[in-house]
Amino acid sequence: MLTISAGHFGKGTGAVGFMDEGSEIVAVVSALQARFRTSPVKAQFIIDGSSKNQAQNLRYLVTAHNKTQRELDVSIHFNASGDTREAGIGTEVLYVNPKMEGFAANMSAAIATAGGFKDRGAKHRTNLALLNGTVKPAIIIEVCFVNSKADVANYAKNKAKIIEAIAVT
(Lines give C-alpha, C1' and ligand atoms only; values in the text may rest on other atoms or scores of the structure.)
Protein backbone atom coordinates (compact mmCIF):
# COMPACT_ATOMS: atom_id res chain seq x y z
CA MET A 1 0.00 0.00 0.00
CA LEU A 2 1.35 3.40 -0.92
CA THR A 3 0.21 7.00 -1.13
CA ILE A 4 1.19 9.16 -4.11
CA SER A 5 0.77 12.92 -4.23
CA ALA A 6 1.18 15.76 -6.67
CA GLY A 7 3.76 17.91 -4.89
CA HIS A 8 2.20 21.29 -5.72
CA PHE A 9 -1.31 22.64 -6.00
CA GLY A 10 -1.78 23.53 -9.65
CA LYS A 11 -0.61 25.65 -12.53
CA GLY A 12 2.04 28.22 -11.65
CA THR A 13 2.75 26.77 -8.19
CA GLY A 14 5.95 24.91 -9.02
CA ALA A 15 8.92 25.27 -11.31
CA VAL A 16 8.26 26.83 -14.70
CA GLY A 17 10.38 26.54 -17.83
CA PHE A 18 9.62 24.66 -21.01
CA MET A 19 6.65 23.25 -19.10
CA ASP A 20 4.75 24.05 -15.90
CA GLU A 21 5.48 21.73 -12.97
CA GLY A 22 2.27 22.53 -11.09
CA SER A 23 -0.01 21.40 -13.87
CA GLU A 24 2.16 18.55 -15.17
CA ILE A 25 2.45 16.78 -11.81
CA VAL A 26 -1.34 16.67 -11.60
CA ALA A 27 -1.37 15.00 -15.03
CA VAL A 28 1.26 12.47 -13.93
CA VAL A 29 -0.55 11.62 -10.68
CA SER A 30 -3.83 11.27 -12.59
CA ALA A 31 -2.14 8.90 -15.07
CA LEU A 32 -0.65 6.90 -12.20
CA GLN A 33 -4.07 6.68 -10.61
CA ALA A 34 -5.49 5.21 -13.82
CA ARG A 35 -2.53 2.81 -14.08
CA PHE A 36 -2.95 1.54 -10.50
CA ARG A 37 -6.61 0.66 -11.08
CA THR A 38 -5.37 -2.54 -12.76
CA SER A 39 -2.46 -3.16 -10.40
CA PRO A 40 -2.41 -5.63 -7.53
CA VAL A 41 -0.63 -2.91 -5.52
CA LYS A 42 -3.08 -0.74 -3.62
CA ALA A 43 -2.41 2.98 -3.93
CA GLN A 44 -4.07 6.15 -2.73
CA PHE A 45 -3.69 9.50 -4.45
CA ILE A 46 -3.55 13.08 -3.21
CA ILE A 47 -4.05 16.18 -5.34
CA ASP A 48 -4.28 19.44 -3.41
CA GLY A 49 -7.02 21.60 -4.87
CA SER A 50 -7.47 23.99 -1.98
CA SER A 51 -4.15 25.53 -0.88
CA LYS A 52 -3.43 29.18 -1.58
CA ASN A 53 0.32 29.21 -0.87
CA GLN A 54 3.32 26.95 -0.40
CA ALA A 55 3.05 26.76 3.40
CA GLN A 56 -0.59 25.64 3.19
CA ASN A 57 0.31 23.13 0.49
CA LEU A 58 3.11 21.57 2.52
CA ARG A 59 0.87 21.25 5.60
CA TYR A 60 -1.93 19.80 3.45
CA LEU A 61 0.33 17.18 1.82
CA VAL A 62 1.99 16.05 5.05
CA THR A 63 -1.36 15.85 6.85
CA ALA A 64 -3.07 14.05 3.95
CA HIS A 65 -0.25 11.50 3.64
CA ASN A 66 -0.24 10.86 7.39
CA LYS A 67 -4.02 10.23 7.37
CA THR A 68 -3.67 7.33 4.95
CA GLN A 69 -2.80 3.72 5.72
CA ARG A 70 0.32 2.95 3.72
CA GLU A 71 3.86 1.63 3.80
CA LEU A 72 5.39 4.26 1.51
CA ASP A 73 4.85 7.92 0.61
CA VAL A 74 5.71 9.16 -2.88
CA SER A 75 5.50 12.75 -4.07
CA ILE A 76 5.81 13.64 -7.75
CA HIS A 77 7.76 16.73 -8.78
CA PHE A 78 9.73 18.22 -11.64
CA ASN A 79 13.02 19.98 -10.96
CA ALA A 80 14.60 23.25 -12.09
CA SER A 81 18.02 24.78 -11.95
CA GLY A 82 18.93 28.44 -12.22
CA ASP A 83 19.19 28.73 -15.99
CA THR A 84 17.60 27.47 -19.19
CA ARG A 85 19.61 24.76 -20.94
CA GLU A 86 19.51 22.93 -24.22
CA ALA A 87 21.24 19.85 -22.79
CA GLY A 88 19.63 17.29 -20.56
CA ILE A 89 20.08 17.55 -16.80
CA GLY A 90 18.35 14.37 -15.66
CA THR A 91 16.20 12.72 -13.04
CA GLU A 92 16.77 12.16 -9.34
CA VAL A 93 14.91 10.77 -6.35
CA LEU A 94 15.17 12.40 -2.93
CA TYR A 95 14.99 10.63 0.41
CA VAL A 96 15.77 11.29 4.10
CA ASN A 97 15.43 7.83 5.67
CA PRO A 98 18.69 5.92 5.01
CA LYS A 99 16.66 2.72 4.47
CA MET A 100 15.18 4.35 1.35
CA GLU A 101 18.51 5.00 -0.42
CA GLY A 102 18.52 1.78 -2.44
CA PHE A 103 14.88 2.11 -3.44
CA ALA A 104 15.42 5.77 -4.40
CA ALA A 105 18.44 4.80 -6.52
CA ASN A 106 16.44 2.05 -8.26
CA MET A 107 13.56 4.42 -8.92
CA SER A 108 15.88 7.08 -10.35
CA ALA A 109 17.56 4.52 -12.63
CA ALA A 110 14.21 3.17 -13.84
CA ILE A 111 12.87 6.64 -14.67
CA ALA A 112 16.15 7.63 -16.35
CA THR A 113 16.07 4.52 -18.53
CA ALA A 114 12.39 4.96 -19.43
CA GLY A 115 12.75 8.66 -20.18
CA GLY A 116 16.16 8.74 -21.82
CA PHE A 117 17.44 11.00 -19.02
CA LYS A 118 20.76 11.25 -17.25
CA ASP A 119 20.45 9.32 -13.98
CA ARG A 120 21.40 11.74 -11.19
CA GLY A 121 20.55 9.01 -8.67
CA ALA A 122 19.36 9.02 -5.09
CA LYS A 123 19.93 12.25 -3.16
CA HIS A 124 19.82 12.41 0.63
CA ARG A 125 17.93 15.56 1.68
CA THR A 126 17.17 16.64 5.23
CA ASN A 127 15.42 19.95 4.58
CA LEU A 128 12.18 18.98 2.84
CA ALA A 129 8.82 19.11 4.61
CA LEU A 130 7.30 15.98 3.09
CA LEU A 131 10.34 13.82 3.78
CA ASN A 132 10.59 15.08 7.36
CA GLY A 133 6.88 15.32 8.15
CA THR A 134 5.52 11.97 7.05
CA VAL A 135 5.67 9.13 9.54
CA LYS A 136 6.28 6.44 6.93
CA PRO A 137 9.29 6.14 4.61
CA ALA A 138 9.04 8.65 1.76
CA ILE A 139 10.61 9.63 -1.54
CA ILE A 140 10.26 12.65 -3.76
CA ILE A 141 10.58 11.89 -7.45
CA GLU A 142 12.07 14.71 -9.52
CA VAL A 143 11.09 13.36 -12.94
CA CYS A 144 13.26 15.77 -14.96
CA PHE A 145 14.21 19.43 -15.23
CA VAL A 146 11.61 21.84 -16.62
CA ASN A 147 14.34 24.28 -17.70
CA SER A 148 16.11 21.70 -19.89
CA LYS A 149 14.89 21.59 -23.47
CA ALA A 150 16.25 18.04 -23.89
CA ASP A 151 14.66 16.76 -20.66
CA VAL A 152 11.26 18.20 -21.54
CA ALA A 153 11.43 16.75 -25.06
CA ASN A 154 12.39 13.32 -23.70
CA TYR A 155 9.63 13.53 -21.12
CA ALA A 156 7.01 14.39 -23.75
CA LYS A 157 8.21 11.57 -26.01
CA ASN A 158 8.41 8.97 -23.22
CA LYS A 159 5.71 10.00 -20.74
CA ALA A 160 3.86 6.66 -20.85
CA LYS A 161 7.10 4.72 -20.29
CA ILE A 162 8.04 7.02 -17.38
CA ILE A 163 4.65 6.52 -15.72
CA GLU A 164 4.98 2.77 -16.17
CA ALA A 165 8.48 2.83 -14.66
CA ILE A 166 7.18 4.70 -11.60
CA ALA A 167 4.26 2.26 -11.27
CA VAL A 168 6.29 -0.94 -11.41
CA THR A 169 9.47 0.02 -9.56
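The model is predicted. Its strands include an open sheet of 6, in the order S2-S1-S3-S6-S4-S5, with mixed pairing. Helix H1 packs on this sheet, and helix H5 lies across strands S3 and S6. The largest nonpolar core has 35 residues, and H5 gives the largest share of them.

- Strands of a sheet pair through backbone hydrogen bonds, in either a parallel or an antiparallel way.
- Strands S1 and S3 are parallel and share 5 bridges; within this pair, Ala6 has Ile76 of S3 as its bridge partner.
- S3 also runs parallel to S6, and 6 bridges join the two; here Ser75 has Ile140 of S6 as its bridge partner.
- Strand S4 (residues 91-95) pairs with S5 in the parallel sense through 5 bridges, and Glu92 stands opposite Gly121 of S5.

**Strand S3**

- Strand S3 is largely enclosed by the rest of the structure, because 8 of its 8 residues are buried.
- Both faces of S3 are covered.
- One side of S3 holds Leu72, Val74, Ile76 and Phe78, while the other holds Asp73, Ser75, His77 and Asn79, all of them buried.

**Helix H1**

- Helix H1 (residues 21-36) touches strand S1 (2-6), S2 and strand S3 (72-79), and the direction of H1 makes about 140° with that of S3.
- The 16 residues of H1 should span 22 Å at 1.5 Å a residue, and this agrees with the 22 Å between its end C-alpha atoms.
- Its buried residues are Glu21, Gly22, Glu24, Ile25, Val28, Val29, Leu32 and Phe36.
- An α-helix has 3.6 residues a turn, so residues three or four places apart point the same way.
- The buried residues of H1 pack against S1, S2, S3 and H5.

**Helix H2**

- Helix H2 (residues 54-67) has 14 residues and reaches 20 Å from its first C-alpha to its last, close to the 20 Å expected at 1.5 Å a residue.
- Asn57, Leu61, Val62, Ala64 and His65 are the buried residues of H2.
- Seen down the axis of H2, the buried residues fall within an arc of 165°, so they line one face of the helix.
- The cover over these buried residues includes S1, S2, S3 and H4.
- Arg59 and Lys67 are exposed, on the face of H2 turned away from its buried side.

**Nonpolar cores**

- In soluble globular proteins, nonpolar side chains tend to be buried together.
- Leu32 is in contact with Ile4, Phe45, Ile76, Ile163, Ile166 and Ala167, leaving aside its neighbours within four places in sequence.

**Helix H5 and Asn158**

- Helix H5 (residues 149-168) runs at about 150° to strand S6 (138-145).
- Asn158 is found in H5 and is buried, with a relative accessible area of 10%.
- Leaving aside its neighbours within four places in sequence, Asn158 is in contact with Ala114, Gly115 and Gly116.

**Helix H4 and Asn132**

- Asn132 has its place in helix H4 (residues 129-133).
- With a relative accessible area of 45%, Asn132 is partly exposed.
- Asn132 and Asn97 are 35 residues apart along the chain, and their C-alpha atoms are separated by 8.9 Å.
- Leaving aside its neighbours within four places in sequence, Asn132 is in contact with Val96, Thr126 and Asn127.

Definitions and conventions: Residues numbered from 1 in each chain as written. Predicted model: local features only at pLDDT ≥ 70, side-chain atom pairs only at ≥ 80, totals over all residues. Heavy atoms only, no water. Pairing = 2+ DSSP bridges. Helix = DSSP H or I, 4+ residues; strand = E, 2+ residues; numbered from the N terminus. Contact = heavy atoms within 4.5 Å. Axes fitted to C-alpha atoms, helices over the stretch in contact; angles between N-to-C directions. Core = buried A, V, L, I, M, F, W, Y, C linked by side-chain atoms within 4.5 Å. Buried < 20%, exposed > 50% of the residue type's maximum accessible area, 1.4 Å probe, protein only. Expected span 1.5 Å × (residues − 1). Arc of directions from axis to C-beta.
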